[in-house]
Amino acid sequence: MRRIKVKTSREYSVLVGSGAVENISCKLKELLKAKKIMVVSDDNVAPLHLEKLLNRLCGSFECFTHILKNGEEHKNIEAVLGILSHMQ
């Protein structure tokens with residue numbers, strides 16, 4: 001896997017590459033102390049990848065999901081509040 005730095009108003013790293021999903025649990029255990037994970041996806045991507053991702057994560061973490069409607073118009077404060085309320 002490769003680490004790519006994304007520079008927006010706040011810089012962050014993204015891991016990409018072949019086998020990323022297969023190795024995600026081990027990689028997250030290295031990076032996080034958390035025992036719980038919230039996976040946020042949209043209704044286009046989730047049907048394609050969510051089940052496989054959860055199969056890899058849920059053996060090591062307590063997993064929660066939140067599915068948003070697709071599209072930039074749904075990336076807003078209401079979506080953030082929905083995610084936060086789901087986390088409580």
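In which strand is Ile-37 found?

A: Ile-37 is found in strand 3. Residues are numbered from 1 along each chain as its sequence is written, and side-chain values use heavy atoms, with hydrogens and water left out. This is a predicted model, in which local features need pLDDT of at least 70 and side-chain atom pairs count only at pLDDT 80 or more, while totals for chains, interfaces and linings use all residues.

Strand 3 spans residues 36-42. Strands (E, at least two residues) and helices (H or I, at least four) are DSSP runs, numbered from the N terminus. The protein chain has three helices and four strands, and from the N terminus on the order of these elements is β-β-α-β-α-β-α.

Ile-37 counts as buried because its relative accessibility is 12%; buried means under 20% relative accessible area, exposed over 50%, and partly exposed in between (1.4 Å probe, protein chains only). Leaving aside residues up to four places away in sequence, Ile-37 touches Leu-28, Leu-57, Phe-61, Glu-62, Cys-63 and Phe-64, where a contact means heavy atoms within 4.5 Å. Glu-72, by contrast, is 35 residues from Ile-37 along the chain, and their C-alpha atoms are separated by 24 Å.

Strand 3 supplies at least two residues of the lining of the largest pocket, as do strand 2 (12-16), helix 1 (24-31) and helix 2 (46-57). On a 1 Å grid over the protein atoms alone, a pocket is an open set of points where a 1.4 Å probe fits, with protein on both sides within 12 Å along at least five of seven lines; lining residues have an atom within 4 Å of a point. The largest pocket has a volume of about 770 Å³. Its lining is made up of 20 residues, and those nearest its centre are Ser-13, Val-14, Leu-15, Ile-24 and Leu-28. By class, 15 of the lining residues of the largest pocket are nonpolar, two are polar and three are charged. Here Ala, Val, Leu, Ile, Met, Phe, Trp, Tyr, Cys and Pro count as nonpolar, Asp, Glu, Lys and Arg as charged, and the others, Gly among them, as polar.

The second largest pocket holds about 220 Å³ of space. Of its 15 lining residues, Val-40, Ser-41, Asp-42, Val-45 and Ala-46 lie closest to the centre. The lining of the second largest pocket divides into seven nonpolar, four polar and four charged residues.

Cys-26 is found in helix 1, and it counts as exposed because its relative accessible area is 52%. In sequence, Cys-26 and Arg-56 are 30 residues apart, while their C-alpha atoms are 9.3 Å apart in space. The number of disulfides, each a pair of cysteine sulfur atoms within 2.5 Å, is zero. For Cys-26, the nearest cysteine sulfur is that of Cys-63, 14 Å away. Cys-58, with a relative accessibility of 40%, is partly exposed.

Ser-18 has its place in the loop between strand 2 and helix 1. At 75% relative accessibility, Ser-18 is exposed. Ser-18 and Met-1 are 17 residues apart in sequence, and their C-alpha atoms lie 6.6 Å apart. Val-80 belongs to helix 3 (residues 77-87), and its relative accessible area of 40% makes it partly exposed. The C-alpha atoms of Val-80 and Leu-68, 12 residues apart in sequence, are 9.9 Å from each other.

Finally, the chain may be viewed as a whole. Of its 88 residues, 18% count as buried, and Ile-37 is one of the buried residues. Among contacts between residues at least 6 apart in sequence, 57% join residues at least 24 apart. Taken along the principal axes, the C-alpha atoms fill a box of roughly 30 × 30 × 25 Å.

Definitions and conventions:
Points joined across faces, edges and corners; volume = space filled by probe spheres on them.
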